[in-house]
Amino acid sequence: MTKDAQPVHALLVVDAQSAFVSGEGAVPGAARLLTHIDELISGARAAGALVVHLQNDGPPGADDEPGTPGWELHLPVRPGPAEVVVRKTEDDGFYETRLQDLLSRSGVRALVVCGVMSEMCVSATARTALELGYRVVLPHDAHATYDIPPAAGISGPVPAAMVARTAEWALGDGIEIVAHAGDVDFTVPAPRPGR
């Protein structure tokens, strides 16, 4: 786990949708999680960095089915050139979306990922970002997931905090993990030579 990360150019807020961060279906520690995500959003906005809200379109009957209350983004979005919503249908926020084009056009080379679920959409999106050559920062206190229920003959329940930490570890040495959202600084990317 690194102490201090160099500034990043963009923030990816993964699936901070009402079904997952509010009410009876919220991930454990949702109120704290939202505070840390909001801190990241505020920092990115203040610096003029790109903020991308990923919004999952779940299948019919799912808690995040489009148009349902659970599908709605829980934190307010300020739409504009530096703040956009990208809808997705898979765990990986890059899969068949405009995310990579958006980051490329904005000159982003370093980004921070936060949101839910640690071992699913957060992990899949961070992993693809790494594969695409982005520098990726993951604040430990700004992603979360659910407890894994017991499985007969396999294991007892696995607490959400352990699942989240394992998800971080599984991303390997390429990921930059910082302890707190407050450890992240944002900046606008410098123009590349020849542009």
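**Close-up 1. Ser-18 is a buried residue in this predicted model.** The relative accessibility of Ser-18 is 16%. Buried means under 20%, so Ser-18 counts as buried. Ser-18 belongs to helix H1, which covers residues 18–21. Look also for Asp-63, 45 residues from Ser-18 along the chain. The C-alpha atoms of Ser-18 and Asp-63 are separated by 9.0 Å.

**Close-up 2. Phe-94 and Tyr-134 form a stacked aromatic pair.** The structure holds one aromatic pair. The ring centres of Phe-94 and Tyr-134 are 6.4 Å apart, and the ring planes meet at 25°. Planes under 30 degrees apart count as stacked, so this pair is stacked. A pair of aromatic rings is described by two things: the distance of the centres and the angle of the planes.

**Close-up 3. The Phe-94 and Tyr-134 pair links two loops.** Phe-94 sits in the loop between S3 and H3. Tyr-134 sits in the loop between helix H4 (118–131) and strand S5 (135–139). The pair therefore ties together parts that are 40 residues apart in sequence. Are these two residues, Phe-94 and Tyr-134, buried or exposed? Both are buried.

**Close-up 4. Glu-90, Asp-91, Glu-96 and Glu-119 make up a negative surface patch.** One of these residues, Glu-96, lies in the loop between strand S3 (83–88) and helix H3 (99–105). The relative accessible area of Glu-96 is 69%. Exposed means over 50%, so Glu-96 counts as exposed.

Key:
Residues numbered from 1 in each chain as written. Predicted model: local features only at pLDDT ≥ 70, side-chain atom pairs only at ≥ 80, totals over all residues. Heavy atoms only, no water. Patch = residues over 30% accessible without salt bridge, like charges linked within 9 Å, V, L, I, M, F, W, Y side chains within 5 Å. Areas by Shrake-Rupley, 256 points an atom, 1.4 Å probe, with all protein chains shown as cover. Salt bridge = Lys/Arg side-chain N within 4 Å of Asp/Glu carboxyl O. Lys, Arg positive; Asp, Glu negative; His and termini not counted. Charge placed at Lys NZ, Arg CZ, Asp CG, Glu CD. Helix = DSSP H or I, 4+ residues; strand = E, 2+ residues; numbered from the N terminus. Buried < 20%, exposed > 50% of the residue type's maximum accessible area, 1.4 Å probe, protein only. Phe/Tyr/Trp six-rings, centres within 6.5 Å; stacked < 30°, edge-to-face > 60°.
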